[in-house]
There are 2 protein chains.
Amino acid sequence: MARLPLYLRALHTLAEGGKRTVSSESLAAAAAVNSAKVRKDLSQLGSYGVRGVGYDVEYLVYQISRELGLTQRWAVVIIGIGNLGHALANYAGFASRGFRVAALLDDDPARVGEQVAGVAVRPVGELAEIVRREDVSIGVISTPAPAAQGVCDRLVDAGVTSILNFAPTLLSVPDGVDVRKVDLSIELQILAFHEQRKTTFEALRA
Amino acid sequence: MARLPLYLRALHTLAEGGKRTVSSESLAAAAAVNSAKVRKDLSQLGSYGVRGVGYDVEYLVYQISRELGLTQRWAVVIIGIGNLGHALANYAGFASRGFRVAALLDDDPARVGEQVAGVAVRPVGELAEIVRREDVSIGVISTPAPAAQGVCDRLVDAGVTSILNFAPTLLSVPDGVDVRKVDLSIELQILAFHEQRKTTFEALRA
DNA sequence: ACGACTTTGTGCGTACGTTCACAAGGACGT
DNA sequence: ACGTCCTTGTGAACGTACGCACAAAGTCGT
């Protein structure tokens, strides 16, 4: 389920606040979802809550992490070390959730050798070797759009089977390879759409 | 609909390729969705295709832009000019879709005054004035998580009614304010989940 | 030891989005 | 002018996700 990471984040916050147990109701509030949904999700992954008490926070964190596969440290390569690549390489949320940046790659010779977040930028040509050596299974594409498909193909050839794409392009990949896309411009357009609805609605009321 | 920006991007690509008309089938292929879905979406916004021919690309671009409210240039403020803020400020996709970066704001005095993408970084204290002067309705939060809620409150106070949040926190806002969130870590966790399913499935086959 | 209270787990009705499949409609060749 | 072919627009079936509401279950105070 796509909501498990949300619960996980909320649980970490609760744990830091010293909470030992949590009810579906308060977890739902912390994750901004319905409490019945929380209970259904959690029951589906077999974790047992205690009726009248709630769920043990620490145990739940473990169960969800296990379900999401976060008990192992996934190796990640980031390709395209522009501003976004820098931001991703420095993003603390990766390390804290069990992801390890195995390499930063860029085609621009001016960027190769630069140290970013304690990792040296390498040329894209070394991709295949790095993937093999470090057992990388996740690739992040933060290149400009025209370069994305080529980089994607090289990732697939190297054996990477999960790709997170920030370039505003549709990637075509063979079966068995997962692609998730994040398009910043699309998010803004959706906001603009709602914003327009709001203003036209106000205009109608006037 | 959340798919309209996808169509729009595909249509722009087609237009650059010189296509004058497009069938629901080929547009569906370009956006990686079902063709019936495309036709339903387009018919719902009243645009008329021509049976036997397809849709006029240019006219469709105009209709979708209109529906999404992209015929006006929305003013956007970006708060938190770290690596991610830099990336956002430089992101070409914003300007090309009718968004205008009205201001870059940061609380760090060391960053104030810096020029990023041709815009000077200003202190957050000037937020309210800028929002009023530039008629800003969309705010982008790219601060660290602990600062996000505070920044969000200031945006709401200033009259911003649409917020794009990159900080890994749940924002609470009053009714009438839209929040969309992008959490990089959650995307990776979802990939890890699928990746784990793939490897355990292979293990079962062996 | 018992009863009241809290919270889980889930059955069920509802609503929504998706997809198939086909009839209506228009273009294009002959 | 007519028939064939292509593509749209949509009715209907399907599957799924959501949320209410309640029974089962376990805790805590007395």
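I looked up the chain contacts first: 44 residues of chain A are in contact with 43 residues of chain B (contact means C-beta atoms, placed from the backbone, within 7 Å). Helices (H or I, at least four residues) and strands (E, at least two) are DSSP runs numbered from the N terminus. H9(A) supplies the largest share of this side, 14 residues. By class I find 25 nonpolar, 12 polar and 7 charged residues there. Ala, Val, Leu, Ile, Met, Phe, Trp, Tyr, Cys and Pro count as nonpolar, Asp, Glu, Lys and Arg as charged, and the others, Gly among them, as polar.

This is a predicted model, in which local features need pLDDT of at least 70 and side-chain atom pairs pLDDT 80 or more, while totals for chains, interfaces and linings use all residues. Residues are numbered from 1 along each chain as its sequence is written, and chains are lettered from A and ligands numbered from 1 in the order written.

I then checked the symmetry. Chain A superposes on chain B by a rotation of 180 degrees with 0.0 Å of shift along its axis, RMSD 0.0 Å (least squares on C-alpha atoms of residues with pLDDT of at least 70 in both). The two copies are therefore related as by a two-fold rotation axis. The same surface serves both, as 98% of the contact residues of chain A recur in chain B.

Last, I looked at DNA strand C. I find 23 residues around DNA strand C, the closest being Gly49(A), Arg51(A), Gly52(A), Asn34(B) and Gly52(B) (near means a C-beta atom, placed from the backbone, within 6 Å). H3(A) gives the most to this surface, 5 residues.

Terms used
Two residues are in contact if their C-beta atoms, placed from the backbone, lie within 7 Å.
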